[in-house]
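Subject: Structure for you to look at

Hello,

Here is the structure I said I would pass on.

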Amino acid sequence: MAFIDVNGQQYEVDEDGFLLNPDTWTEDVAKYFCKEEGIDELTEDHWKVIKYLRDYFFQFGIAPMVRKLCKDTGYSLKGLYELFPTGPAKGACKLAGLPKPTGCV
């Protein structure tokens with residue numbers, strides 16, 4: 001088991017650094033992850049995508065397909081990659097505290 005330490009709080013992560021329990025996520029965890037995902041600062045646009053991902057996950061139990069994410073948030077795929085350089089599946093889901101999406105390399 002691996003852990004990250006965010007402001008003195010321990011969070012369990014998998015071998016790829018994704019949170020194992022999405023319920024333990026906080027905004028500070030997102031800020032912690034953004035550095036390793038190549039994001040200098042989380043903007044309102046980042047938070048819009050993160051909030052959408054978390055709401056969708058807790059409603060349906062999985063992360064949305066990228067096409068649905070684009071349609072529902074209004075961001076193009078290119079726009080999502082500009083916000084999350086490692087991609088909407090890997091980067092955005094990680095920052096949102098969700099499990100690593102299936103099929104995500």
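A residue is called buried when its relative accessible area is under 20%, exposed when it is over 50%, and partly exposed in between. By that rule Asp 72, with a relative accessible area of 36%, is partly exposed. Please keep in mind that the model is predicted.

Asp 72 forms a salt bridge with Lys 68, and their closest N and O atoms are 2.8 Å apart. Both residues sit in helix H3 (residues 66-73), four residues apart, so about one helical turn separates them. Lys 68 is also partly exposed, at 35% relative accessibility.

Lys 51 is exposed, with a relative accessible area of 51%, while Asp 55 counts as partly exposed at 42%.

Another salt bridge joins Lys 100 and Asp 16, whose closest N and O atoms are 2.8 Å apart. Lys 100 lies in the segment after helix H5 (88-95) and Asp 16 in the loop between S2 and H1, so this pair ties together parts that are 84 residues apart in sequence. Lys 100 is partly exposed, with a relative accessible area of 28%, and Asp 16 is partly exposed too, at 32%.

There is also a network of salt bridges, which links Glu 36, Glu 37, Lys 90 and Lys 94. In total, the structure holds seven salt bridges.

Side chains of opposite charge can pair when their charged atoms come close. Now look at Asp 14, in the loop between strand S2 (9-13) and helix H1 (27-36). Which side chain of opposite charge is nearest to Asp 14, and how far away is it? It is Lys 100, at 6.5 Å. A salt bridge needs a side-chain nitrogen of Lys or Arg within 4 Å of a carboxyl oxygen of Asp or Glu. Asp 14 has no salt bridge, yet it is buried.

What does the side chain of Asp 14 reach instead? A polar atom of that side chain lies 2.8 Å from the backbone nitrogen of Asp 16. The side chain of Asp 14 also reaches the backbone nitrogen of Gly 17, at 2.9 Å. Leaving aside residues up to four places away in sequence, Asp 14 touches Leu 20 and Lys 100.

Regards

Notes
Residues numbered from 1 in each chain as written. Predicted model: local features only at pLDDT ≥ 70, side-chain atom pairs only at ≥ 80, totals over all residues. Heavy atoms only, no water. Helix = DSSP H or I, 4+ residues; strand = E, 2+ residues; numbered from the N terminus. Buried < 20%, exposed > 50% of the residue type's maximum accessible area, 1.4 Å probe, protein only. Lys, Arg positive; Asp, Glu negative; His and termini not counted. Polar contact = N/O pair within 3.5 Å; in protein donor to acceptor, adjacent residues only side chain to side chain. Contact = heavy atoms within 4.5 Å.
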